[in-house]
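Student: Let's go through this model together. I'll ask, you answer.

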Amino acid sequence: MLCQNCHDTIKALVKQFKICNRDGRNCQNTIKALAERFKIFNRDGRNDSFPSRLHYSRYSFHKSVLEGCLICRQIWTHLLGNQDAPVPETLQEFCLKIQDYESSVGGSRYDEDPIIEMSMDNNNGYLSIVASPTEVWPRGGMRFSLSPIPRSGSNIVPTLSDPILKARHSSTGGMAHLWRHWYNVCSKTHASCQARQGRLQSFTPTRLIELLDYDRGDIYEWRLVCPHDGSSIQYLTLSHCWGSSKHTCLTERSYQEFLGGSPIATLPQTYRDACIATSSLGFRYIWIDSLCIIQDSIEDWRTQSSLMHLIYKSASCNIAATWAEGGNDGCFRTVDPCLRDPTSITLDFEVDGHSEYLISKSDTHHEDIAKAPLNQRGWVIQERYLARRQLGFSKRQAYWECPELIASEQLPTGIPETLWNPMEYGIYHAKLPPKKPHLDAEEEMDIRKCWRSLVERYSACYLTYESDRLIALAGLIGELEQNMKDVCLAGLWRRDLHRQLCWHYDMRDLYKVYRSTTQGRIAPTWSWANLDGPVTYDTIYCEEVDDVVPYVKFIGPLEDSNDQDRLRNLGVLKLSLQGIALWGRPVKKVGKIRSHFIVYDHNVSFHNESGTLITSELDNTGVLVSWDETMPPAPENATRRPSAERERVQRERSSNLLFLMVRSSRRYHWRIQGLILRKLPSPNEGTYIRMGLFLADPAISRLLSARLGLQSTNPVDIKCDIDFDDSRIADLVHTVSIV
């Protein structure tokens, strides 16, 4: 709900957006036009919207917070820095809390100062308001989005007045009626969800947990069951963080005990809550990894992990303990119902054809889902992508995800585009309605975009064992290999391999003290999986770019076995390439941030392996370098010797390196992109490891054009079928094996 103060202020702000023709008649209102009309310039030239101020007394503010106004209560928890902060019942206690806050930030307000100020702006084409404590309280504002409520004539989409959406509960576990509603709408009315189910082949896991309940529906016992081959059982799955808590685990010793049944109280809280959710949705069976995989059997773990994609893909729904960091946290939480209550406002006129709007905090979905502990785990990415549906429990509320709907308790009919960040769900192209992440695209270019976003999200996640770097994606890789009719080679695809070699580390890892690589132990150095941190995939791979001139060719062969065990021992996998390459010693000039990664300006004098300068035009050529491995920190005391790791990195970077040209493209103004390689000592003749990525001047292309006798110096005139056996470029051609 909204207090009268906030309600009237929002309506007044929107009313200021109203536009009139010269003759005074109301013209068609659009958000973009209204926002442009509403913005004013302040003295320093920035665009700001005119602020309205409200709640001039602590009594008024306390009354609104106590009554449950969405905006006022959010501001209150924001001031205290605690989402779970209780609201004092008395004004005296409330004022003491405010005084404590003022003392902590060194600010204070006079009685005539407002407590909250509110403004309205155009947030990417949508109406939004910014509510914040006044400037005497130095804490940033909070953005709330106004999302139009669609006029639905369908009987399956409830209105906000529907009792099924209004039954509030202090616990996120008390909304079972809403979970059932989401599941029923999905299973009975969503065409794409039904089509996906129709494509599934019958599959039942080797083991499941069966839930036994009393007549009144309370679960009292669970037991391990082993379905007969060929049986078809509907079941759910659980995604959760193991954490440091002690888990009930299936072992060789406990196997028979689990078959006999155990009280539900013997399970960790997260498992118990997941069982309650399973029963509430009308199911009797759930698959939980630690209870259905024999934990002290390597053979059983390998067998079951190879079936993981089928287990999650075939489940009717996945339960996600999104907020929990360990097994004892549970799925459900006691949360202020006012912060997740659907809140709407009816305007006095229409904007873009709508007068009724939902109001919600703009970053709630990002905070609840994208930044949740569960979604920082590498293994969970696969589980979330493969699941047909997901019922997740965040710190604030429950969420529903399926191919046609993403909804929450606060936005039970669907999260609107105003709160939808497609990049969080792996969508870089087109403005699509909110839906769960998946890899079910039909066009290959769309599948490539999904893969790129999957890699970028996954590489930023945490894995307990670095050896699982690609194993945790094995199920998704297997699915994509069938759909794309292609082979995944250590995280890159065989087809158009030259369009995937120029990945680099992502700026999200910018402030990490030290980013290392696996030194080829887990994955070869030419693969992004060798990097310990978030990466940006090669953008050319998922773009329909015709003006790309390749300077390498793949001469293989590489391992193309469909055995998923190939993902366990990739460190010895060699990538053999033939192409244009030059030797050089980079001399660093300065570091700077460009686009999404840090690059360093270098001067490089390119020469042949014997040290002879190729041409004067390539002397002190400007090159931008992005190293895969960051330089370990220098010792705090300048008199102390640098660490062995720092000395190693310095020594390797200053050695004679091979700059292998991969391509030039119009996207990068025909500058050369390529790999920096370091030659390994004997007996590894002709073997290299990747050190980083570089971007060089088109002078190299001009050199190649001159050698080939081309009249034009435009790199695009160098055809894609360069004859690497041509004697005129023999000293520029290298054959390398990268490990």
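**Around a tryptophan**

Student: Leaving aside neighbours within four places in sequence, which residues is Trp-528 in contact with?
Tutor: Trp-528 touches Trp-451, Val-455, Tyr-458, Leu-470, Leu-473, Gly-491, Leu-492, Trp-503, Val-535 and Tyr-537, contact being heavy atoms within 4.5 Å. Bear in mind this is a predicted model, where local features need pLDDT of at least 70 and side-chain atom pairs pLDDT 80 or more, while totals for chains, interfaces and linings use all residues. Numbering starts from 1 along each chain as its sequence is written, and side-chain values use heavy atoms, without hydrogens or water.

Student: Which residues have the most contacts inside the largest nonpolar core?
Tutor: Trp-179, Trp-451 and Trp-528, in a core of 111 residues. A core here is a set of buried Ala, Val, Leu, Ile, Met, Phe, Trp, Tyr and Cys residues joined through side-chain atoms within 4.5 Å. A separate second core has 37 residues, including Cys-6, Val-14, Leu-127 and Ile-345.

Student: New topic. How do helix 15 and helix 16 cross?
Tutor: At roughly 145°, with the axes of helix 15 (378–386) and helix 16 (444–459) coming within 9 Å. Axes are lines fitted to C-alpha atoms over the stretch in contact, with angles from 0 to 180 degrees between N-to-C directions; helices are DSSP runs of H or I, at least four residues.

Student: Which residues make that contact?
Tutor: Gly-378, Ile-381, Arg-384 and Tyr-385 from helix 15 meet Ser-453, Leu-454, Arg-457 and Tyr-458 from helix 16.

Student: And Ser-701, why does it count as buried?
Tutor: Because its relative accessibility is 0%, and buried means under 20% with a 1.4 Å probe, protein chains only. Ser-701 is in helix 19 (699–707), and its C-alpha is 9.9 Å from that of Arg-663, 38 residues away in sequence.

Key
Helix = DSSP H or I, 4+ residues; strand = E, 2+ residues; numbered from the N terminus. Buried < 20%, exposed > 50% of the residue type's maximum accessible area, 1.4 Å probe, protein only.
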